[in-house]
Amino acid sequence: MQLPNYREAKTRDKREYQTHSYHLLEKYKKKYEGKTYFLKTYGCQMNEHDSENIMGILEEMGFRFVDSMEDADLILLNTCSIRENAHNKAFGFLGRIKHLKETKKDLMVGLCGCMAQEEVVANTIKEKYPWLTFVIGTHNFYQLPEVLEEALKTKTLQIEVYSREQDLIEKMPSNRKSKYKAYVNIIYGCDKFCTYCIVPYTRGRQRSRKKEDILKEIESLVKEGYQEVTLLGQNVNAYGKDLYDNYSLAELLTDVSKTKIKRIRFMTSHPWDFTNEMIDVIAKYDNIMPSIHLPVQSGSNRILKLMGRRYTKEEYLTLFHKMKEKIKNCAISTDIIVGFPGETEEDFEETLDLVKTCKYDNAFTFLYSPRVGTPAAKLEDNVSKEEKEARLYRLNDLVNTYFLENNKKLVGKTIPVLVEGKSLKKKGEYFGYSDTQKLVNFTSDKDYEGEIVPVLITDAKTWSLDGKVSRS
Ligand code: SAH
Ligand code: SF4
Ligand code: F3S
């Protein structure tokens, strides 16, 4: 049994990382033929992509996916720790599984993902959920075959969670959700330690994947017919810093743009590491999408400092305007936290002012949620929950007006859309995403699924656009 430990999770040293190729031992191949699994994913794109890898591994082991947990022999939860409600959802789900387990004694249940890396969660599971089959962490989920085997052999809960990051594993099987859009990891972990955030503890130190491995993966995705890749990391703009002297996200984007992939996206960007060279590269290549997620978190310098974000509002705005000026039709989205400990009405109004300046194309807004073990959780907080909720409401009202305003500017224009499928609601209607990551519902006489087609925008809503294919 290996339990998580935050002191260890926090350590950063100069260790070099080896790269290993994933290989499923012969004895596990098709071992579970005839068995079924159900997998539920919480959290960010990193977790979604980990789930694709987990599904790939399970399917090599012979498991078959079912979309109802009642029909599954194995239920897996890939969890998220970012806010309290993510926790509550996962524990609520475990409650439902417990009922199933009472009537289905052989049901296997596993928990993985970021919650597995939390000291408090591992201890709670040991005490209150001993009926689980296994818990594995984010650093070693590829060991699922061995851990499952041990749990079944010993008939006891296996907790295998490493607090420190492990070497990088390449060539993991992946059961990708989309046939047209693919996630590609470029950097794991995060070294920023924003004071409110649990990710550096659950995902460990920053480790970049080798450029050759990334480019090879993208080249084979192109051959398989993929149209779009999203380069993933908690802070993609730090790419290469731990690995190369002169190779950063700017160079990686340049190399990726030279593959034949039609669309390149990347997320998430931390303003601190965003260089002028990166902006120039995004502006230069047509297959790098003019869409940037640039979390600001707060518009108050006092709060930004307490958050440990390493930039001021003025520095953020300079970067923001540079992007808008250099990258044609650039859409910028953001994340904002409301109700950080001690946030005053004045601090909050500064956030509103910043939103009025930036007029974001999209914004994800969150109520601050204290995470055990992070520095911010120890700060005094005298703002009531009601006040915080009222602020979130005011903020959402404001950001929504700009979503609509920006969308309206596209009415009458023809924009490129990657067609993802048929609308479930209306016959003859399709949906897809524009270059600037806007959801477009449109009519077409022909099914262009998987292609990028020009769509004339006819109407704008807050969260989507309507249109028709302008190709005969
Ligand atoms: N690496 C990314 C974001 C990762 S988490 C970045 O730095 O931008 C996604 C978002 O969740 C963050 O941008 C932040 O807005 C929000 N978040 C993180 N920790 C939070 C907390 N403790 N409470 C509320 N929101 C939080
Ligand atoms: Fe969390 Fe900050 Fe790292 Fe983003 S940059 S994952 S908010 S510590
Ligand atoms: Fe959640 Fe872990 Fe992602 S905490 S947001 S799943 S990195």
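Tutor: Lys 385 is exposed in this predicted model, with a relative accessible area of 54% (exposed is over 50%, buried under 20%, partly exposed in between; 1.4 Å probe, protein chains only). Its salt-bridge partner is Glu 389, and the closest N and O atoms of the two are 3.0 Å apart; a salt bridge here is a side-chain nitrogen of Lys or Arg within 4 Å of a carboxyl oxygen of Asp or Glu. Both residues belong to helix α13 and are separated by 4 residues, or about one turn of the helix (helices, H or I of at least four residues, and strands, E of at least two, are DSSP runs numbered from the N terminus). Glu 389, at 37% relative accessibility, counts as partly exposed. Beyond this pair, Glu 343, Glu 345, Glu 387, Arg 391 and Arg 394 are joined into one network by salt bridges that share partners.

Residues are numbered from 1 along each chain as written, with chains lettered from A and ligands numbered from 1 in written order. Local features need pLDDT of at least 70, side-chain atom pairs count only at pLDDT 80 or more, totals for chains, interfaces and linings use all residues, and side-chain values use heavy atoms, without hydrogens and water.

A search of the whole structure finds 29 salt bridges, among them the pair of Arg 371 and Glu 84, whose closest N and O atoms are 3.3 Å apart. This pair ties together distant parts of the chain, 287 residues apart, with Arg 371 placed in the loop between β16 and α13 (385–408) and Glu 84 in helix α3 (residues 84–103). Arg 371 counts as buried, at 2% relative accessibility, whereas Glu 84 is partly exposed, with a relative accessible area of 38%.

A further salt bridge brings together the side chains of Glu 217 and Arg 176, at 2.7 Å from N to O. Here too distant parts of the chain are linked, 41 residues apart: Glu 217 comes from helix α7 (residues 211–223), and Arg 176 from the loop between β8 (168–170) and β9 (181–185). Glu 217 counts as buried, at 17% relative accessibility, and Arg 176 counts as buried at 17%.
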